[in-house]
Amino acid sequence: MATEQLNGTTQNGKAGTEDYLRIVDVRKEFDGFVAVEDTDLSIRKGEIFALLGGSGCGKSTLLRCLGGFETPTSGKIYLDGQLMNGLPPYERPINMMFQSYALFPHMTVEQNIAFGLKQDGLSKDAIRKRVEEMLALVQLVKLAKRKPHQLSGGQQQRVALARSLAKGPKLLLLDEPMGALDKKLRSQMQLELVNIIETSGVTCVMVTHDQEEAMTMATRIALMDSGRIRQVGTPDEIYESPTSRFAAEFIGSVNMFQGKVDEDMADYVTIVSPSLEAAIYVGHGISGFEGQEVSFGVRPEKVHISKEEPPQKYNKARGKIEDIAYFGSHSVFHVRLPSGFKFMANFANQQRWASEGMTWGDEVWVSWGDNEGVVLTS
Amino acid sequence: MNAKLIGKMFPHPRWAVISVPYLWLLVFFAIPFLIVLKISFSRLAIAMPPYTPIMEYVDNAVSLKLNLTNYIGLFTDSQYVQAYLSSIKIAAISTLLALLIGYPMAYVIAKLPPSARNIAMMLVILPSWTSFLIRVYAWIGILKPNGLLNDVLLKLHLISEPLQISNTPTAAYIGIVYCYLPFMVLPLYTNLVKHDHRLLEAAYDLGAKPWKAFLTITLPLSRAGIIAGCMLVMIPAVGEFVIPELLGGPDTLMIGRVLWNEFFNNRDWPTASAVAIVMLLLLMIPILIFNRVQQSEIEGRLT
C-alpha cells in the first residue's frame with residue numbers, strides 16, 4: 001500500500017543519489033515456489049537500508065540476488081546506473097558480510113582482509129597500506145597476526161566487516177550481522193557497526209529478523225512478508241504509522257481492535273468495536289465510509305492506566321489487572337476487559353516503586369488520546 | 001568383606017576396555033616385530049629354522065651376539081639399495097597419480113546432493129568387496145596383448161598392433177593406482193564434504209574467480225585430507241608385492257619382491273628380516289610426519 005512507487009525516468013541515465021541502487025520488478029522462484037514476488041525498491045546513496053522480516057519472508061533471497069549468488073527469475077537490478085544482472089559475484093562492485101562471517105580459517109586477520117585486494121592485483125605496498133587502514137578502522141591492529149578461531153565473536157565480526165569494506169565497494173551487504181553474537185554484545189556492536197559504516201560512507205543493505213536491530217541501525221526499513229514488501233519507511237514511520245495490521249503487529253506490541261466505522265466525518269471518525277464498551281474516537285479523517293470494517297491499533301505505551309475513571313467519553317475501557325510484567329524501566333499491565341479482550345498498557349516507572357499502587361485483581365481504567373492510535377483498512 | 005576391598009582385589013573395569021587394543025598390538029604387532037628383529041641379527045644356517053640363535057648359554061655365561069652382516073649387506077649390495085629407491089619411486093608416482101585422479105573424484109562427489117553422494121561413495125568402495133587378487137587378475141585380462149583394451153583400440157583403429165602394457169612397470173602403476181584409489185578418495189571426500197560452501201561464496205564475493213577460489217580456499221583447507229590420502233596410498237604401496245609380481249613383469253623392481261625372493265627362493269630368513277626392518281624404518285618417516293600434521297590439525301581446531 002505505502003510501498004514507494006518508482007518513477008522510471010532515469011532508466012538508463014546516471015543514477016542520482018535518490019536511486020543509487022534500484023531493484024526493478026525483481027522476482028525469484030525456486031522450483032515453482034515464489035521466494036520473492038515482483039519487488040521494486042530504490043535505495044539512496046549512503047543509506048543503511050534494512051530488509052526486515054521473519055524467516056522465509058524472502059529477505060535473504062533478495063540480498064543474495066544483490067550479491068549475485070542467486071539469479072533473479074525476472075526483473076533488473078541497477079547499481080549506480082549500471083545493470084548488475086548477469087554479472088557474477090566476483091565482477092560486482094558489491095561486498096557482503098556473511099552470516100556468521102565466513103572468515104577464511106587458514107588465514108590470519110591480515111590475510112583475510114588482504115584477500116579481496118589481492119584479487120584486484122594491487123601492488124604489495126598498496127595492499128599493506130590498505131590493510132593497515134582497515135585494521136585501524138575496526139581497531140584490530142594488535143590482532144593482525146591472529147587466526148579467526150583465536151578471536152572472540154565481536155572481533156570476528158569486525159574482521160568480517162573490514163574484509164568486506166577493504167575493496168571500497170559501492171554497496172555493502174550485511175546478512176544478519178548480529179546473528180552470531182549474544183544479546184549484550186549485540187546492542188554495543190550495532191552502534192559500533194553503524195559508526196564504522198558511516199565513517200566509510202558506503203551504501204549498505206542489511207537483512208535481519210530482529211526489529212530492534214533494524215530500528216537501531218537502519219535509516220530506512222523495508223518490512224517483508226511472504227516474498228512481498230509490505231511497507232517502506234524510516235523506523236519511526238513504520239512504528240508510528242503502520243499501513244497494515246501485519247506491520248503494526250510485527251513491530252512492537254499493539255492492542256488491535258476489529259470494528260466498524262460509525263461516524264465518518266472530515267475531521268474525525270468514530271469506530272464501534274465489540275471488544276470495547278465506549279466508542280473509539282479518531283481525531284482526523286480517514287479515506288473510508290460508514291459501516292466499513294476496519295482495525296484500530298493503539299500501542300501499549302500510548303495508553304494511560306489509572307484507578308480513577310478518565311473524564312473523556314471515548315477511548316477508554318474498564319477492566320481487571322490480570323498480569324503484571326515488570327521490566328524495571330516500565331511495567332506492562334495486562335488488563336482483562338469485560339468483553340474478554342486482553343489490553344496491554346505500559347506504565348513508566350518514573351518514580352521508584354511507582355507501580356506498586358496497582359496490583360493483581362484491581363479494577364482500573366485504560367484510556368488514550370484522540371490521535372494516539374491508527375486506523376487500518378488492510 | 002566391604003566393597004572397597006573387593007574393588008582393590010580386581011583391577012578397575014576400565015582396564016578391561018583399554019587393554020584390548022594394547023593386547024592386540026602386543027600379540028599381532030610387537031611380538032612378530034621382535035621376532036623379525038631377532039632373526040635379522042642372526043646368521044643364515046642350514047637348520048630348522050634356517051638361522052642361528054642370537055643368544056647362547058655357554059660356560060655359565062649368557063652371550064648375546066648381534067650379527068650386523070645382514071644390514072651391512074643391504075647397504076653394500078646395490079641390488080637392495082636400488083630396490084628400495086625403485087619401490088619409493090613407484091609408490092610416490094602412484095600416489096601422485098592417485099591424488100590427481102582421486103581429488104577431482106572426491107571433489108565432485110562432495111558437491112553432489114546428499115542422496116547421490118552415498119551412492120557415488122558406494123561405487124568407489126564396492127570394488128574392494130571382491131577379492132584383491134581377482135581384481136588384479138582382471139587387469140591382466142584387460143591389459144594383455146590380446147586383452148580387452150587392445151581389442152577395443154584395434155577395432156577403433158587407434159593402434160595398428162597391440163600395445164605391450166602387461167608385464168611392464170606401466171601395468172604395475174595402473175594396478176597400484178587402481179587398487180589404492182579408494183584409500184585416496186575416502187579421506188579426501190570426508191574432508192571436502194565438510195567444507196563450508198559460504199567460504200567459497202565469500203571468496204567469489206571478494207573478487208576471486210572460481211579457479212582462484214579453489215586454489216586459495218578449497219585446496220589449502222583440504223590439506224589434511226590430501227596428506228591422509230597420500231599416506232594411506234604411499235605406505236602400503238612401498239611394500240606392495242602382489243601387483244608388481246602379477247602385472248609388473250621382470251623390469252619392475254620393488255622391495256616386496258626382493259623380500260619374497262630372499263625368504264622363499266633363497267631361504268635366507270636373516271637377510272629377508274633385515275630387508276623388512278629397514279623398510280619399516282623407511283616407512284616410519286612419513287608416518288611420523290602424518291601423525292604430527294594430524295596432531296597440529298586437532299590442536300588447531302580445539303583452541
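1. Some ground rules. Residues count from 1 along each chain as its sequence is written, while chains are lettered from A and ligands numbered from 1 in the order in which they are written. As this is a predicted model, local features need pLDDT of at least 70 and side-chain atom pairs count only at pLDDT 80 or more, whereas totals for chains, interfaces and linings use all residues.

2. Chain A overall. Chain A has 378 residues, of which 41% count as buried (20 or more other C-beta atoms within 10 Å of a residue's own; exposed is 12 or fewer, partly exposed in between, with C-beta atoms placed from the backbone). Its C-alpha atoms fill a box of roughly 75 × 50 × 35 Å along the principal axes. You'll find eight helices and 20 strands in chain A; these are DSSP runs numbered from the N terminus, with helices being H or I of at least four residues and strands E of at least two.

3. Contacts along chain A. Take the contacts between residues at least 6 apart in sequence: 64% of them join residues at least 24 apart. A contact here means that two C-beta atoms, placed from the backbone, lie within 7 Å.

4. Domains. Chain A is assigned domain 1 (8-93 + 169-246) and domain 2 (253-376), with bounds from an automatic or database domain assignment. Their centres, taken over C-alpha atoms, are 35 Å apart. Each domain puts four residues into the contact between them. On the domain 1 side, those are one nonpolar, two polar and one charged (nonpolar is Ala, Val, Leu, Ile, Met, Phe, Trp, Tyr, Cys and Pro; charged is Asp, Glu, Lys and Arg; the others, Gly among them, are polar).

5. Helix H2 of chain A. Have a look at residues 109-119: eight of the 11 are buried, so this helix is largely enclosed by the rest of the structure. Among the buried ones are A:Val109, A:Glu110, A:Ile113 and A:Phe115. What do the buried residues of H2(A) pack against? Their partners are strand E6 (94-97), helix H3 (124-137) and helix H4 (153-165) of chain A. Just after H2(A) comes A:Gly121, with a positive phi of about 70°.

6. Where the chains meet. On the chain B side, 16 residues are in contact with 18 residues of chain A. Helix H9 (197-205) and helix H10 (210-221) of chain B each supply at least two residues of that side, and H9(B) gives the largest share, six residues. By class, the chain B side has eight nonpolar, two polar and six charged residues.
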